[in-house]
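This report describes a predicted model. Please consult the sequence and structure shown here while reading.

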Amino acid sequence: MIELIRVLDKNGDNLISFDEFCAGIAKMGIVLTDHEIHMLVWKFDHNKDGKISMEEFYNTLAAVA
């Protein structure tokens, strides 16, 4: 999971911006609609600051497992 965060976090600030998330999803060959991407970011971004922290990313994925 940490490696996936590093792949998505292009500027290395330990946060995944909306643009980084979109670019990472596309780079992985995952095709989603704009609505689906917005819903995923909303699901991961618990504090609604527009960025996904490592903690938010991990907690969201851990809750699904």
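## Surface patch

Together with Tyr-58 and Leu-61, Met-1 makes a nonpolar surface patch of about 280 Å².

## Nonpolar core

The largest nonpolar core of the model comprises 10 residues: Ile-5, Leu-8, Ile-16, Phe-21, Ile-25, Ile-37, Val-41, Phe-44, Ile-52 and Phe-57. At least two residues of this core come from each of α1 (2-8), α2 (18-27) and α3 (34-44). The greatest contribution is that of α3, which provides three residues.

When residues up to four places away in sequence are not counted, Ile-25 touches Leu-8, Ile-30 and Leu-32.

## Loop residues with positive phi

Which loop holds Asn-14? Asn-14 is located in the loop between α1 and β1 (15-17). Its phi angle is near 65°, a positive value in a residue other than glycine. With a relative accessible area of 46%, Asn-14 is partly exposed.

Lys-48 belongs to the loop between α3 and β2 (51-53). The phi angle of Lys-48 is near 55°, again a positive value in a residue that is not glycine. Lys-48 counts as partly exposed because its relative accessibility is 43%.

Key. Residues are numbered from 1 along each chain as its sequence is written. This is a predicted model: local features need pLDDT of at least 70, side-chain atom pairs count only at pLDDT 80 or more; totals for chains, interfaces and linings use all residues. Side-chain values use heavy atoms; hydrogens and water are left out. A nonpolar core is a set of buried Ala, Val, Leu, Ile, Met, Phe, Trp, Tyr and Cys residues joined through side-chain atoms within 4.5 Å. Buried means under 20% relative accessible area, exposed over 50%, partly exposed in between (1.4 Å probe, protein chains only). Helices (H or I, at least four residues) and strands (E, at least two) are DSSP runs, numbered from the N terminus. Contact means heavy atoms within 4.5 Å. Patches are made of residues with over 30% relative accessible area and no salt bridge: like charges are joined within 9 Å, nonpolar side chains (Val, Leu, Ile, Met, Phe, Trp, Tyr) within 5 Å. Accessible areas come from the Shrake-Rupley method with a 1.4 Å probe; for residues, only the protein chains shown count as cover. A salt bridge is a side-chain nitrogen of Lys or Arg within 4 Å of a carboxyl oxygen of Asp or Glu.
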